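Dear colleague,

I am passing on the structure we spoke about, with the sequence alongside. Could you look through it before reading my notes below?

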Amino acid sequence: MNSEELARYIEETDRISQPWLLIQLRLKKLQENRQNLSSNEYIAQMTELHQELMKLGEWWVGIEDDVFNP
């Protein structure tokens, strides 16, 4: 799945409020743009994405069925 397909999925399933999907979209876009970035730029952006992901914490604990099952 490329970033356009993932974005379409997020829109069509009304999952724009699910932050982990937005991080996945940013990661996919970063992967697709890798060839246009220096190693330092790529690492900096990957680090930023990792920090954003870690900020989410374990917010899903106890509501896994509601959150992860469409």
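What follows is a summary of what was found, going from the whole chain to individual residues.

Please keep in mind throughout that this is a predicted model. The protein contains four helices and zero strands, so that, in keeping with how such elements are assigned from DSSP runs, its pattern along the sequence reads α-α-α-α. Along its principal axes, the C-alpha trace extends over about 40 × 25 × 15 Å. Of the 70 residues in the protein, 20% count as buried, and the accessible surface amounts to about 5400 Å², with 50% of that area belonging to carbon and sulfur atoms. When contacts between residues at least 6 apart in sequence are considered, 45% of them join residues that are at least 24 apart.

On the charges, the protein carries 7 positive and 13 negative side chains, and the centres of these two sets are 7 Å apart. One positive side chain deserves a separate look, since by definition Arg counts as positive: the charged end of Arg 34 is placed over the ring of Tyr 42, at 4.2 Å from the centre of that ring. As for pairs between aromatic rings, the structure has zero of them.

Which residues does Leu 49 contact, once its neighbours within four places in sequence are left aside? Leu 49 belongs to helix H3, which covers residues 39-56, and the contacts in question are with Ile 23, Arg 26, Leu 27 and Leu 30. Leu 49 has a relative accessible area of 6%, and because the cut-off for a buried residue is under 20%, Leu 49 is classed as buried.

Is Ser 3 buried or exposed? With a relative accessible area of 6%, Ser 3 is buried, because this value falls under the 20% cut-off. Not counting residues up to four places away in sequence, Ser 3 touches Leu 25, Lys 28, Lys 29 and Glu 32.

How values were computed. Residues are numbered from 1 along each chain as its sequence is written. This is a predicted model: local features need pLDDT of at least 70, side-chain atom pairs count only at pLDDT 80 or more; totals for chains, interfaces and linings use all residues. Side-chain values use heavy atoms; hydrogens and water are left out. Rings of Phe, Tyr and Trp (its six-membered ring) pair if their centres lie within 6.5 Å; planes under 30 degrees apart count as stacked, over 60 as edge-to-face and the rest as tilted. A charge sits over a ring if NZ of Lys or CZ of Arg is within 6 Å of the ring centre and within 35 degrees of the ring normal. Helices (H or I, at least four residues) and strands (E, at least two) are DSSP runs, numbered from the N terminus. Buried means under 20% relative accessible area, exposed over 50%, partly exposed in between (1.4 Å probe, protein chains only). Contact means heavy atoms within 4.5 Å. Accessible areas come from the Shrake-Rupley method with a 1.4 Å probe; for residues, only the protein chains shown count as cover. The place of a charge is taken as NZ of Lys, CZ of Arg, CG of Asp or CD of Glu.
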